[in-house]
Every structure is written in structure tokens, then in C-alpha cells.
Amino acid sequence: MNDEFYMQRCLELAILGMGQVSPNPMVGCVIVHENQIIGEGYHQKFGEAHAEVNAINEVFSRHADKAPLLLKNATAYVSLEPCAHFGKTPPCADLLVKHQLKKVVIGSPDPFAGVNGKGIEKLKAGGVQVQIGVLEAQCNQLNRRFLTRIKAQRPFIILKWAQTANGYFAPENGGQTWISGPLANQLNHVWRTEEDAILVGKQTALNDNPRLTARNVSGKNPVRILIDRNLEVPSSHHLYDTEAKTIIFNEVKTDVQDHIHFVQMEDMSFYLAQKIAFQLYLMDIQSVIVEGGAQILKHFIDASLWDEARIFTSQTTWPNGILAPAITGTLVSETAMGTDVLKIYTPL
């Protein structure tokens with residue numbers, strides 16, 4: 001057992017919080033005494049206990065009266081720098097100092113202004129040995145949504161679409177036609193539980209009347225975002241139902257009607273992707289799937305405002321149609337999904 005082994009366990013724990021902790025980061029913590037894990041935990045839900053608190057609580061639950069002495073001779077592994085500020089919960093750095101842990105091994109520093117080295121400083125000032133940077137790249141990859149929001153002041157943006165084998169995105173007549181198969185559809189629903197929001201444009205809403213929920217899997221629904229400049233989508237469409245909160249960016253009004261939030265924007269003809277990204281940042285939306293249509297996707301591609309593109313390609317060919325967006329990026333994975341192929345790209 002070495003530092004990498006225990007940090008990998010932190011990452012396995014942290015990802016269990018996927019879709020539940022935003023806009024906080026996903027964090028896992030493992031407490032080790034003489035090469036034995038004596039407690040572990042992860043941040044399970046926004047506003048609730050952090051990973052370090054849950055791990056220490058498990059030490060007390062498992063070891064009762066022996067816990068204080070065990071902790072004094074233990075090493076805590078945590079995938080992200082312990083917090084140093086009072087937010088929804090007290091500072092985790094103070095908790096680790098209070099229990100006099102011998103050492104804390106940190107995967108990656110936390111760039112959030114309320115932390116950003118302050119947690120490390122608190123630990124060192126409290127007499128705790130600190131080691132930083134174990135599996136740092138993996139820890140940063142896990143929290144790429146959080147890091148994007150903090151560093152770029154915008155959400156992590158995922159572009160997603162399906163296309164035919166010869167590159168068509170949708171029928172020319174505007175009707176609804178499924179391109180990808182059932183496995184791709186199921187995976188789409190899983191993805192919706194993992195991200196904060198999902199976004200479509202007016203034409204997609206009119207043509208497809210989508211629900212944009214995660215109804216086929218267990219997990220939360222994302223916030224639904226509709227770009228509808230002149231409020232042309234009828235309120236009888238699914239996006240107006242009570243299944244999930246819906247934000248409608250438009251040029252007509254700002255209003256709240258139960259779960260429907262109308263947000264007025266000025267001149268949506270220019271810098272639309274940039275305006276949307278900034279508004280979502282202000283709303284603490286940490287990640288968004290941009291699902292269409294072709295013009296909305298093109299806005300984000302042209303503005304270089306994307307972090308990941310997930311593209312399903314079917315074996316079907318069409319004689320004509322609306323061409324899929326053109327994208328240039330680095331292919332990071334290629335996976336067969338039934339009769340479809342899923343390719344994931346990141347920007348160059």
C-alpha cells in the first residue's frame with residue numbers, strides 16, 4: 001500500500017457524489033493508521049458534511065474510545081485541499097488539526113478564493129505534516145467542472161449530438177427522427193443526472209418537444225434551459241411541465257412562475273454563447289450539456305466555449321438533411337454503443 005493506492009481510493013469515493021454536490025467539488029477522504037484504513041468518507045450532498053467530517057465520524061463509529069489515539073497517529077488522504085473557511089459547514093482543516101492527525105496527503109490544491117492554500121497553511125500551523133500533489137492530474141480531472149467554474153468563471157460546457165454515418169444532424173423538414181439507438185438514449189439519461197443543466201434552442205423545442213429529464217434512470221433531473229428569444233415555444237410543451245426547473249432565456253421579460261424562470265437578455269443576436277455562459281455562472285450552474293439544435297451548438301463552437309464534445313455516429317445514412325456541426329478537437333475516446341459509435345473530443 002502506498003500514497004497512490006490510498007489516493008485512488010479517495011477518487012473512487014469522491015465520484016460517488018457525482019450530480020449531488022454541485023457547485024461544490026467532489027471530494028473523498030481516507031484515514032490510515034499503520035497501513036490499515038480506519039475510516040473513509042466522501043462529500044455526499046451539497047450543504048451537508050464534507051468528506052473529512054464523514055471519514056472522521058466513521059473512525060469514531062468503528063473504533064469508539066480508541067478513535068482519538070488512532071487519529072493522533074494517522075494519515076488522512078484527501079483528494080482536494082481541506083477547506084479553510086466557514087461556508088455551509090465549518091472548516092475541515094480546523095477539524096483535522098483538532099484531532100491532531102500526524103499527516104495529511106492532498107491530491108490537488110483548491111483554487112477557490114476561500115481556500116487557495118489557506119487550508120494547507122492551517123494544517124502546517126497546527127503541526128500537521130502536509131504532502132501535496134499525489135495523483136494531482138487525476139484529482140483535477142475528476143473536478144474539472146468545479147475547476148472550470150472557479151478559474152474560467154463559467155460552467156463546464158459539454159456539447160452533445162447524434163449524426164448519421166454521412167454527417168447529417170436532423171431532417172430538413174424539421175420533423176423528429178431518432179438517429180442513435182437505445183443504448184445511446186440510456187446513456188444520455190445517465191449523463192443528465194451527472195450535470196447541473198441541459199440546454200436546447202427554440203427550434204429543437206418546437207420540433208422535438210423534448211422533456212430533457214432523466215426519467216429512464218435513477219437520479220436527479222437537470223435544470224432545463226431553453227433559448228427562446230421571442231417566447232415562441234407554447235406553454236403546452238413538455239419544457240413547461242413540473243418535472244424540473246426550467247430557465248428560459250429571452251428578450252421579452254424577466255419573471256418567475258413557479259418552476260419556470262424567464263430571464264431577459266439584451267440583443268441575443270450577438271455573443272449569445274458568451275452571455276449564456278456568464279448567466280449560468282452567476283446562477284451557480286457548474287456544468288451544462290448543450291444538446292441542440294445545430295445553430296446553438298455552432299454558437300458555442302465558434303466562440304470556443306466548450307470543454308467536451310460527445311458525438312454519437314450511427315450506421316444510418318440519409319440522402320439529405322441538416323449537416324451536423326463541424327468541430328476540431330482531440331479525440332480522447334471511441335466506444336461502440338450497440339450499432340452506434342460514441343466519440344468524445346476535448347479542445348485542441
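Me: In what sense do strand 1 and strand 2 pair, and over how many bridges?
Reply: This is a predicted model. Strand 1 covers residues 28–33, and within the pairing Ile31 stands opposite Gly39 of strand 2. The two strands pair over six bridges, and the sense is antiparallel.

Me: Which strands are the edge strands of the sheet?
Reply: The sheet is open and has five strands with mixed pairing, in the order 2-1-3-4-5. An edge strand here pairs on one side only. That applies to strand 2 (36–42) and strand 5 (129–132).

Me: By how many degrees are neighbouring strands of this sheet turned against each other on average?
Reply: The angle is taken between neighbouring strands, with direction ignored. Averaged over the sheet, it comes to 15 degrees.

Me: Which helix packs on the sheet, touching strand 4 and strand 5?
Reply: The helix spans residues 118–125, and strand 4, which it touches, spans 103–108. Its direction makes about 150 degrees with that of strand 5. The helix is helix 5.

Me: What does UniProt list for residues 1–131, and how far apart are the end C-alpha atoms of that stretch?
Reply: The UniProt entry, which is unreviewed, lists the stretch as "domain: CMP/dCMP-type deaminase". In the model, residues 1–131 are 35% helix and 21% strand. The end C-alpha atoms are separated by 17 Å.

Me: Why are the buried residues of helix 10 on the same side of the helix?
Reply: Helix 10 runs over residues 272–282, and its buried residues are Leu272, Ala273, Ile276, Ala277, Leu280 and Tyr281. Buried means under 20% relative accessible area. They lie on the same side of helix 10 because the arc they cover around the axis is only 165 degrees.

Me: Which residue just after helix 10 takes a positive phi?
Reply: The phi in question is about 65 degrees. The residue that takes it is Asp284.

Me: What is the radius of gyration of the chain, and what would a compact globule have?
Reply: The chain holds eleven helices and 17 strands, and its C-alpha atoms fill a box of roughly 70 × 45 × 35 Å along the principal axes. For 348 residues, a compact globule would be near 20 Å. The chain agrees with that, at 23 Å.

Me: What percentage of the residues in the chain is buried?
Reply: The count runs over the 348 residues of the chain. Among contacts with a separation of 6 or more, 68% join residues 24 or more positions apart. The buried share of the residues is 51%.

Notes: Residues are numbered from 1 along each chain as its sequence is written. This is a predicted model: local features need pLDDT of at least 70, side-chain atom pairs count only at pLDDT 80 or more; totals for chains, interfaces and linings use all residues. Side-chain values use heavy atoms; hydrogens and water are left out. Two strands pair if DSSP finds at least two bridges between them. Helices (H or I, at least four residues) and strands (E, at least two) are DSSP runs, numbered from the N terminus. Axes are lines fitted to C-alpha atoms, for helices over the stretch in contact, and angles run from 0 to 180 degrees between N-to-C directions. Contact means heavy atoms within 4.5 Å. UniProt positions are given in the numbering used here, feature names are shortened, and annotations may be inferred rather than shown by experiment. Buried means under 20% relative accessible area, exposed over 50%, partly exposed in between (1.4 Å probe, protein chains only). The arc is that of the directions from the helix axis to the C-beta atoms. The radius of gyration is taken over C-alpha atoms; the globule rule is 2.2 Å times the number of residues to the power 0.38.
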